[in-house]
Amino acid sequence: MRGAAERALGVHRVLEPAGVLPQAAQRLDADPAIGPDEVRIAVERLNLDAASFRQLSEAHAGDGEAVRAAVLEIVRDRGKMQNPVTGSGGMLIGVVDAVGEESPLGLAAGQRVATLVSLTLTPLRVTDGLARWNGRSEQVPASGTAILFARSIAAVLPDDLPDAVSLAVLDVCGAPAATARVVERTGARSVVVLGAAGKSGCLSLAAARAAGATHLTGLVRTEAEAAALRTSGLADRVTVADATDPLAVAAAVGTPADLTVVCVDVAGAEHGAVLATADGGTVVFFSMATTFPAAALGAEGMAADVTMLVGNGYTPGHAELALELYRSTPGVRALIDPRVAE
Ligand code: NAP
(Lines give C-alpha, C1' and ligand atoms only; values in the text may rest on other atoms or scores of the structure.)
Protein backbone atom coordinates (compact mmCIF):
# COMPACT_ATOMS: atom_id res chain seq x y z
CA MET A 1 0.00 0.00 0.00
CA ARG A 2 1.25 3.52 -0.77
CA GLY A 3 2.23 6.02 1.91
CA ALA A 4 -0.53 7.92 3.67
CA ALA A 5 0.40 11.25 2.03
CA GLU A 6 0.19 9.77 -1.47
CA ARG A 7 -3.01 7.91 -0.71
CA ALA A 8 -4.54 11.13 0.62
CA LEU A 9 -4.14 12.57 -2.88
CA GLY A 10 -5.71 9.51 -4.47
CA VAL A 11 -2.57 8.39 -6.31
CA HIS A 12 -3.39 4.72 -5.57
CA ARG A 13 -6.52 5.08 -7.76
CA VAL A 14 -4.57 6.18 -10.87
CA LEU A 15 -4.50 3.41 -13.48
CA GLU A 16 -2.69 5.36 -16.21
CA PRO A 17 -0.37 7.05 -16.77
CA ALA A 18 1.71 6.16 -13.75
CA GLY A 19 3.06 8.97 -11.62
CA VAL A 20 0.35 11.59 -12.12
CA LEU A 21 -2.28 12.81 -9.69
CA PRO A 22 -5.91 11.77 -10.31
CA GLN A 23 -6.86 15.03 -12.03
CA ALA A 24 -4.30 14.44 -14.77
CA ALA A 25 -4.96 10.72 -15.08
CA GLN A 26 -6.36 9.21 -18.22
CA ARG A 27 -8.06 6.47 -16.21
CA LEU A 28 -8.96 6.01 -12.57
CA ASP A 29 -9.90 2.87 -10.66
CA ALA A 30 -13.51 3.50 -9.65
CA ASP A 31 -13.91 0.28 -7.66
CA PRO A 32 -16.58 0.97 -5.02
CA ALA A 33 -14.65 -0.99 -2.37
CA ILE A 34 -13.03 1.69 -0.17
CA GLY A 35 -9.68 1.84 1.56
CA PRO A 36 -9.36 2.78 5.24
CA ASP A 37 -8.90 6.48 4.46
CA GLU A 38 -11.63 6.78 1.80
CA VAL A 39 -15.32 7.64 1.78
CA ARG A 40 -17.91 6.20 -0.63
CA ILE A 41 -20.81 8.33 -1.80
CA ALA A 42 -24.03 6.87 -3.20
CA VAL A 43 -24.49 9.28 -6.10
CA GLU A 44 -27.81 11.06 -6.61
CA ARG A 45 -27.05 13.80 -9.10
CA LEU A 46 -24.12 15.08 -11.13
CA ASN A 47 -23.64 18.69 -12.14
CA LEU A 48 -21.72 18.88 -15.40
CA ASP A 49 -19.44 21.88 -15.67
CA ALA A 50 -21.05 24.51 -17.94
CA ALA A 51 -18.18 24.56 -20.45
CA SER A 52 -18.22 20.77 -20.70
CA PHE A 53 -21.99 20.53 -21.13
CA ARG A 54 -21.98 23.24 -23.79
CA GLN A 55 -19.20 21.49 -25.70
CA LEU A 56 -20.98 18.12 -25.56
CA SER A 57 -24.31 19.66 -26.61
CA GLU A 58 -22.74 21.51 -29.52
CA ALA A 59 -20.70 18.49 -30.62
CA HIS A 60 -23.90 16.42 -30.78
CA ALA A 61 -26.09 19.20 -32.20
CA GLY A 62 -28.33 19.19 -29.13
CA ASP A 63 -29.20 15.49 -29.46
CA GLY A 64 -29.82 14.54 -25.81
CA GLU A 65 -29.54 10.80 -26.41
CA ALA A 66 -26.13 11.27 -28.00
CA VAL A 67 -24.99 13.53 -25.14
CA ARG A 68 -26.09 10.93 -22.60
CA ALA A 69 -24.26 8.20 -24.48
CA ALA A 70 -21.14 10.37 -24.63
CA VAL A 71 -21.16 11.04 -20.88
CA LEU A 72 -21.66 7.33 -20.14
CA GLU A 73 -18.78 6.44 -22.40
CA ILE A 74 -16.47 8.97 -20.78
CA VAL A 75 -17.27 7.70 -17.28
CA ARG A 76 -16.92 4.06 -18.35
CA ASP A 77 -13.61 4.66 -20.13
CA ARG A 78 -12.01 7.03 -17.67
CA GLY A 79 -13.48 6.01 -14.30
CA LYS A 80 -14.33 9.70 -13.83
CA MET A 81 -16.28 12.43 -15.62
CA GLN A 82 -13.69 14.51 -17.41
CA ASN A 83 -14.62 15.91 -20.80
CA PRO A 84 -11.62 15.13 -23.03
CA VAL A 85 -12.13 18.33 -25.04
CA THR A 86 -12.62 20.91 -22.29
CA GLY A 87 -10.72 18.94 -19.64
CA SER A 88 -13.39 20.00 -17.13
CA GLY A 89 -15.81 17.99 -15.00
CA GLY A 90 -18.28 19.37 -12.47
CA MET A 91 -19.31 17.99 -9.09
CA LEU A 92 -21.98 15.79 -7.50
CA ILE A 93 -24.34 15.30 -4.62
CA GLY A 94 -25.21 12.07 -2.89
CA VAL A 95 -25.42 10.22 0.40
CA VAL A 96 -22.40 9.07 2.38
CA ASP A 97 -22.74 5.31 2.45
CA ALA A 98 -19.39 4.08 3.75
CA VAL A 99 -16.63 5.80 5.72
CA GLY A 100 -13.20 4.24 6.18
CA GLU A 101 -12.08 4.14 9.80
CA GLU A 102 -9.08 6.38 9.05
CA SER A 103 -10.90 9.00 6.94
CA PRO A 104 -10.17 12.50 8.26
CA LEU A 105 -13.13 14.13 6.46
CA GLY A 106 -15.46 13.97 9.46
CA LEU A 107 -18.32 12.53 7.42
CA ALA A 108 -20.85 10.01 8.73
CA ALA A 109 -22.91 7.43 6.86
CA GLY A 110 -26.31 8.78 5.90
CA GLN A 111 -25.26 12.43 5.53
CA ARG A 112 -26.29 14.12 2.30
CA VAL A 113 -23.30 15.93 0.84
CA ALA A 114 -21.99 17.82 -2.15
CA THR A 115 -18.47 16.99 -3.19
CA LEU A 116 -16.42 20.15 -3.54
CA VAL A 117 -13.66 18.51 -5.52
CA SER A 118 -13.93 18.25 -9.27
CA LEU A 119 -15.42 15.25 -11.05
CA THR A 120 -12.19 15.30 -13.05
CA LEU A 121 -10.43 13.63 -10.13
CA THR A 122 -13.30 11.74 -8.47
CA PRO A 123 -13.48 7.98 -9.10
CA LEU A 124 -17.00 7.50 -10.41
CA ARG A 125 -19.11 4.51 -11.40
CA VAL A 126 -22.57 4.99 -12.93
CA THR A 127 -24.96 2.06 -12.50
CA ASP A 128 -28.27 3.25 -13.98
CA GLY A 129 -27.20 4.13 -17.52
CA LEU A 130 -28.30 7.70 -16.68
CA ALA A 131 -31.78 6.50 -17.59
CA ARG A 132 -33.51 9.41 -15.81
CA TRP A 133 -31.60 12.07 -17.80
CA ASN A 134 -32.61 13.41 -21.18
CA GLY A 135 -29.15 14.77 -21.97
CA ARG A 136 -30.41 18.34 -22.16
CA SER A 137 -29.49 19.78 -18.77
CA GLU A 138 -26.27 20.36 -16.83
CA GLN A 139 -27.79 18.53 -13.88
CA VAL A 140 -27.87 14.77 -14.30
CA PRO A 141 -29.95 12.47 -12.06
CA ALA A 142 -27.69 9.46 -11.60
CA SER A 143 -27.13 6.33 -9.52
CA GLY A 144 -23.72 4.93 -8.80
CA THR A 145 -20.75 5.41 -6.52
CA ALA A 146 -18.06 8.04 -6.09
CA ILE A 147 -14.95 7.91 -3.94
CA LEU A 148 -13.48 10.69 -1.79
CA PHE A 149 -9.85 10.65 -0.68
CA ALA A 150 -8.42 11.89 2.59
CA ARG A 151 -7.63 15.27 0.99
CA SER A 152 -11.00 15.66 -0.75
CA ILE A 153 -13.58 18.11 0.50
CA ALA A 154 -17.33 17.79 0.81
CA ALA A 155 -20.05 19.99 2.26
CA VAL A 156 -23.10 18.72 4.07
CA LEU A 157 -26.08 19.89 1.99
CA PRO A 158 -28.05 22.70 3.60
CA ASP A 159 -31.61 21.67 4.45
CA ASP A 160 -33.12 25.08 3.64
CA LEU A 161 -32.38 24.97 -0.11
CA PRO A 162 -33.48 22.63 -2.91
CA ASP A 163 -30.75 20.18 -3.90
CA ALA A 164 -30.64 21.50 -7.45
CA VAL A 165 -29.92 25.01 -6.18
CA SER A 166 -27.21 23.85 -3.77
CA LEU A 167 -25.58 21.84 -6.54
CA ALA A 168 -25.61 24.76 -8.97
CA VAL A 169 -24.31 27.26 -6.43
CA LEU A 170 -21.65 25.00 -4.97
CA ASP A 171 -20.35 24.05 -8.43
CA VAL A 172 -19.27 27.65 -9.01
CA CYS A 173 -18.55 28.70 -5.43
CA GLY A 174 -14.90 29.34 -6.26
CA ALA A 175 -15.85 32.37 -8.38
CA PRO A 176 -17.39 34.62 -5.72
CA ALA A 177 -14.67 33.60 -3.28
CA ALA A 178 -11.90 34.52 -5.72
CA THR A 179 -13.62 37.80 -6.58
CA ALA A 180 -14.04 38.77 -2.94
CA ARG A 181 -10.44 37.90 -2.20
CA VAL A 182 -9.06 40.07 -5.00
CA VAL A 183 -11.30 43.03 -4.10
CA GLU A 184 -10.29 42.78 -0.47
CA ARG A 185 -6.57 42.30 -1.12
CA THR A 186 -6.09 44.82 -3.92
CA GLY A 187 -8.70 47.39 -2.97
CA ALA A 188 -10.22 47.08 -6.46
CA ARG A 189 -13.20 49.40 -6.77
CA SER A 190 -14.27 48.92 -10.39
CA VAL A 191 -15.14 45.38 -11.48
CA VAL A 192 -16.23 43.99 -14.84
CA VAL A 193 -17.80 40.53 -15.03
CA LEU A 194 -17.96 38.82 -18.43
CA GLY A 195 -20.92 36.43 -18.55
CA ALA A 196 -22.49 38.36 -15.68
CA ALA A 197 -26.00 36.88 -15.89
CA GLY A 198 -24.78 33.30 -15.50
CA LYS A 199 -24.43 31.43 -12.22
CA SER A 200 -20.81 32.23 -11.42
CA GLY A 201 -21.19 35.70 -12.96
CA CYS A 202 -24.06 36.89 -10.79
CA LEU A 203 -22.47 35.43 -7.65
CA SER A 204 -19.23 37.24 -8.51
CA LEU A 205 -21.06 40.55 -8.87
CA ALA A 206 -22.72 40.06 -5.49
CA ALA A 207 -19.40 39.07 -3.92
CA ALA A 208 -17.63 42.11 -5.38
CA ARG A 209 -20.31 44.41 -3.97
CA ALA A 210 -20.18 42.77 -0.55
CA ALA A 211 -16.38 43.05 -0.51
CA GLY A 212 -16.47 46.81 -1.14
CA ALA A 213 -16.32 47.32 -4.91
CA THR A 214 -18.31 50.37 -5.98
CA HIS A 215 -18.46 50.37 -9.79
CA LEU A 216 -19.80 47.09 -11.10
CA THR A 217 -20.24 46.42 -14.81
CA GLY A 218 -21.95 43.28 -16.06
CA LEU A 219 -21.28 42.25 -19.65
CA VAL A 220 -23.79 39.88 -21.23
CA ARG A 221 -24.37 38.53 -24.71
CA THR A 222 -28.07 39.17 -25.32
CA GLU A 223 -30.66 41.87 -24.67
CA ALA A 224 -32.75 39.31 -22.79
CA GLU A 225 -29.90 38.66 -20.36
CA ALA A 226 -29.28 42.39 -20.10
CA ALA A 227 -32.89 42.96 -19.08
CA ALA A 228 -32.70 40.19 -16.47
CA LEU A 229 -29.43 41.54 -15.08
CA ARG A 230 -30.78 45.10 -14.89
CA THR A 231 -33.83 43.88 -13.01
CA SER A 232 -31.61 41.97 -10.59
CA GLY A 233 -29.92 45.20 -9.50
CA LEU A 234 -26.57 43.43 -9.12
CA ALA A 235 -24.64 45.67 -11.54
CA ASP A 236 -24.36 49.46 -11.72
CA ARG A 237 -24.03 49.21 -15.46
CA VAL A 238 -25.09 46.50 -17.88
CA THR A 239 -23.56 46.26 -21.31
CA VAL A 240 -24.16 43.89 -24.22
CA ALA A 241 -21.30 42.42 -26.25
CA ASP A 242 -19.87 39.12 -27.41
CA ALA A 243 -17.15 38.28 -24.89
CA THR A 244 -15.18 36.54 -27.64
CA ASP A 245 -14.93 39.77 -29.67
CA PRO A 246 -12.13 41.71 -27.94
CA LEU A 247 -12.73 45.06 -29.62
CA ALA A 248 -16.45 44.86 -28.92
CA VAL A 249 -15.70 44.09 -25.26
CA ALA A 250 -13.30 47.03 -24.99
CA ALA A 251 -15.86 49.37 -26.56
CA ALA A 252 -18.67 48.09 -24.36
CA VAL A 253 -16.67 48.31 -21.13
CA GLY A 254 -15.18 51.77 -21.80
CA THR A 255 -12.82 52.77 -19.00
CA PRO A 256 -10.91 49.61 -18.05
CA ALA A 257 -11.60 48.17 -14.61
CA ASP A 258 -9.44 47.29 -11.62
CA LEU A 259 -10.69 43.71 -11.79
CA THR A 260 -12.21 41.63 -14.57
CA VAL A 261 -13.80 38.26 -13.80
CA VAL A 262 -14.31 35.88 -16.73
CA CYS A 263 -17.42 33.77 -16.13
CA VAL A 264 -18.45 32.80 -19.67
CA ASP A 265 -18.65 29.16 -20.70
CA VAL A 266 -17.14 29.62 -24.16
CA ALA A 267 -13.59 29.80 -25.46
CA GLY A 268 -12.01 33.01 -26.70
CA ALA A 269 -12.66 35.55 -23.94
CA GLU A 270 -9.01 36.05 -22.97
CA HIS A 271 -8.18 39.09 -25.08
CA GLY A 272 -11.38 40.95 -24.34
CA ALA A 273 -10.76 40.37 -20.64
CA VAL A 274 -7.26 41.83 -20.85
CA LEU A 275 -8.51 44.89 -22.76
CA ALA A 276 -11.24 45.38 -20.16
CA THR A 277 -8.65 45.59 -17.38
CA ALA A 278 -6.65 48.68 -16.35
CA ASP A 279 -2.87 48.61 -16.11
CA GLY A 280 -2.00 47.30 -12.66
CA GLY A 281 -5.35 45.52 -12.49
CA THR A 282 -6.26 41.85 -12.18
CA VAL A 283 -8.07 39.33 -14.36
CA VAL A 284 -9.59 36.24 -12.76
CA PHE A 285 -10.11 33.55 -15.37
CA PHE A 286 -12.79 31.42 -13.75
CA SER A 287 -13.96 30.02 -17.07
CA MET A 288 -12.79 26.51 -17.84
CA ALA A 289 -12.73 27.46 -21.52
CA THR A 290 -9.70 29.70 -20.90
CA THR A 291 -6.41 28.87 -22.58
CA PHE A 292 -3.13 29.76 -20.99
CA PRO A 293 -1.23 30.73 -24.17
CA ALA A 294 -4.04 33.00 -25.37
CA ALA A 295 -4.11 34.78 -22.01
CA ALA A 296 -0.37 35.03 -21.44
CA LEU A 297 0.73 35.81 -24.98
CA GLY A 298 -2.24 38.04 -25.61
CA ALA A 299 -1.43 40.20 -22.59
CA GLU A 300 2.22 40.32 -23.61
CA GLY A 301 1.27 41.34 -27.14
CA MET A 302 -0.81 44.22 -25.78
CA ALA A 303 1.91 45.25 -23.32
CA ALA A 304 -0.78 44.96 -20.69
CA ASP A 305 0.51 45.08 -17.12
CA VAL A 306 -2.21 42.94 -15.60
CA THR A 307 -2.05 40.19 -13.02
CA MET A 308 -3.79 37.08 -14.30
CA LEU A 309 -5.20 34.54 -11.89
CA VAL A 310 -6.50 31.09 -12.64
CA GLY A 311 -9.82 30.73 -10.83
CA ASN A 312 -8.92 28.08 -8.29
CA GLY A 313 -12.07 26.10 -7.50
CA TYR A 314 -11.04 26.08 -3.84
CA THR A 315 -10.73 28.95 -1.39
CA PRO A 316 -11.31 28.43 2.32
CA GLY A 317 -14.92 29.24 3.17
CA HIS A 318 -16.00 29.32 -0.48
CA ALA A 319 -19.06 27.10 -0.09
CA GLU A 320 -20.50 29.04 2.85
CA LEU A 321 -19.87 32.38 1.11
CA ALA A 322 -21.65 31.35 -2.08
CA LEU A 323 -24.64 29.82 -0.29
CA GLU A 324 -24.96 32.92 1.90
CA LEU A 325 -24.84 35.23 -1.14
CA TYR A 326 -27.59 33.14 -2.74
CA ARG A 327 -29.73 33.29 0.40
CA SER A 328 -29.22 36.99 1.06
CA THR A 329 -29.31 38.46 -2.46
CA PRO A 330 -32.68 38.46 -4.25
CA GLY A 331 -30.98 39.42 -7.54
CA VAL A 332 -28.77 36.33 -7.41
CA ARG A 333 -31.77 34.10 -6.76
CA ALA A 334 -33.67 35.74 -9.61
CA LEU A 335 -30.88 34.88 -12.05
CA ILE A 336 -29.95 31.41 -10.78
CA ASP A 337 -33.41 29.94 -10.10
CA PRO A 338 -34.62 29.93 -13.74
CA ARG A 339 -31.36 28.29 -14.86
CA VAL A 340 -31.76 25.56 -12.27
CA ALA A 341 -35.37 25.01 -13.27
CA GLU A 342 -34.47 24.55 -16.95
P1 NAP B 1 -23.41 29.68 -16.90
O2 NAP B 1 -24.34 29.77 -15.72
O3 NAP B 1 -23.85 28.92 -18.09
O4 NAP B 1 -23.00 31.15 -17.31
C5 NAP B 1 -22.20 31.44 -18.44
C6 NAP B 1 -22.68 32.75 -19.00
O7 NAP B 1 -21.81 33.17 -20.07
C8 NAP B 1 -24.09 32.66 -19.58
O9 NAP B 1 -24.84 33.74 -19.14
C10 NAP B 1 -23.82 32.72 -21.08
O11 NAP B 1 -24.90 33.26 -21.82
C12 NAP B 1 -22.65 33.65 -21.11
N13 NAP B 1 -21.97 33.64 -22.40
C14 NAP B 1 -21.71 32.58 -23.19
N15 NAP B 1 -21.07 32.96 -24.29
C16 NAP B 1 -20.93 34.31 -24.21
C17 NAP B 1 -20.35 35.28 -25.05
N18 NAP B 1 -19.76 34.94 -26.20
N19 NAP B 1 -20.39 36.58 -24.66
C20 NAP B 1 -20.97 36.94 -23.49
N21 NAP B 1 -21.53 36.06 -22.65
C22 NAP B 1 -21.50 34.75 -23.01
O23 NAP B 1 -22.03 29.05 -16.46
P24 NAP B 1 -21.37 28.90 -15.00
O25 NAP B 1 -21.87 27.65 -14.35
O26 NAP B 1 -21.45 30.18 -14.29
O27 NAP B 1 -19.87 28.60 -15.43
C28 NAP B 1 -19.09 29.61 -16.05
C29 NAP B 1 -17.69 29.11 -16.33
O30 NAP B 1 -17.06 28.74 -15.10
C31 NAP B 1 -17.66 27.89 -17.21
O32 NAP B 1 -16.62 28.03 -18.16
C33 NAP B 1 -17.35 26.79 -16.24
O34 NAP B 1 -16.69 25.76 -16.90
C35 NAP B 1 -16.44 27.48 -15.27
N36 NAP B 1 -16.26 26.81 -13.97
C37 NAP B 1 -15.06 26.94 -13.37
C38 NAP B 1 -14.81 26.34 -12.15
C39 NAP B 1 -13.47 26.55 -11.49
O40 NAP B 1 -13.21 25.89 -10.52
N41 NAP B 1 -12.64 27.43 -11.98
C42 NAP B 1 -15.81 25.60 -11.52
C43 NAP B 1 -17.05 25.50 -12.14
C44 NAP B 1 -17.27 26.12 -13.37
P45 NAP B 1 -26.02 32.26 -22.42
O46 NAP B 1 -26.70 31.64 -21.24
O47 NAP B 1 -26.87 33.20 -23.20
O48 NAP B 1 -25.30 31.26 -23.26
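I looked up the backbone of methionine 288 and found one of its polar atoms 3.1 Å from an oxygen atom of the ligand. I take a polar contact as a pair of N or O atoms within 3.5 Å; within protein, one must be able to donate a hydrogen and the other to accept it, and residues adjacent in sequence count only if both atoms are side-chain atoms. This is a predicted model, where local features need pLDDT of at least 70 and side-chain atom pairs count only at pLDDT 80 or more, while totals for chains, interfaces and linings use all residues. Residues are numbered from 1 along each chain as its sequence is written, and side-chain values use heavy atoms, with hydrogens and water left out.

I then turned to side chains. Serine 200 has a polar side-chain atom 2.7 Å from a ligand oxygen atom. For arginine 339, the distance from a polar side-chain atom to an oxygen atom of the ligand is 2.9 Å. The protein buries 92% of the 920 Å² that the ligand exposes when taken alone (Shrake-Rupley method, 1.4 Å probe; for residues, only the protein chains shown count as cover).

**Shell.** I use DSSP runs numbered from the N terminus: helices are H or I with at least four residues, strands are E with at least two. The most comes from α2, with 3 residues. I list 26 residues around the ligand, of which Asp49, Arg54, Ser200, Arg221 and Glu225 come nearest (a residue is near if one of its heavy atoms lies within 4 Å). By class I note 10 nonpolar, 7 polar and 9 charged residues in the shell. Here Ala, Val, Leu, Ile, Met, Phe, Trp, Tyr, Cys and Pro count as nonpolar, Asp, Glu, Lys and Arg as charged, and the others, Gly among them, as polar.

**Domains.** I have domain 1 (4–157) and domain 2 (174–341), with bounds from an automatic or database domain assignment. Each gives at least three residues to the shell around the ligand. Their C-alpha centres lie 27 Å apart. I find 9 residues of domain 1 in contact with 9 residues of domain 2 (heavy atoms within 4.5 Å). About 740 Å² is buried between the domains, 57% of it given by carbon and sulfur atoms; this is the accessible area (1.4 Å probe) that two parts lose on being put together, summed over both.

**Backbone.** I checked the bond between glutamate 16 and proline 17: the peptide is cis, with omega about -10°. Proline 17 sits in the loop between β1 (14–16) and β2 (27–28). Alanine 61, in the loop between α2 and α3 (64–78), has a positive phi near 50° though not a glycine.
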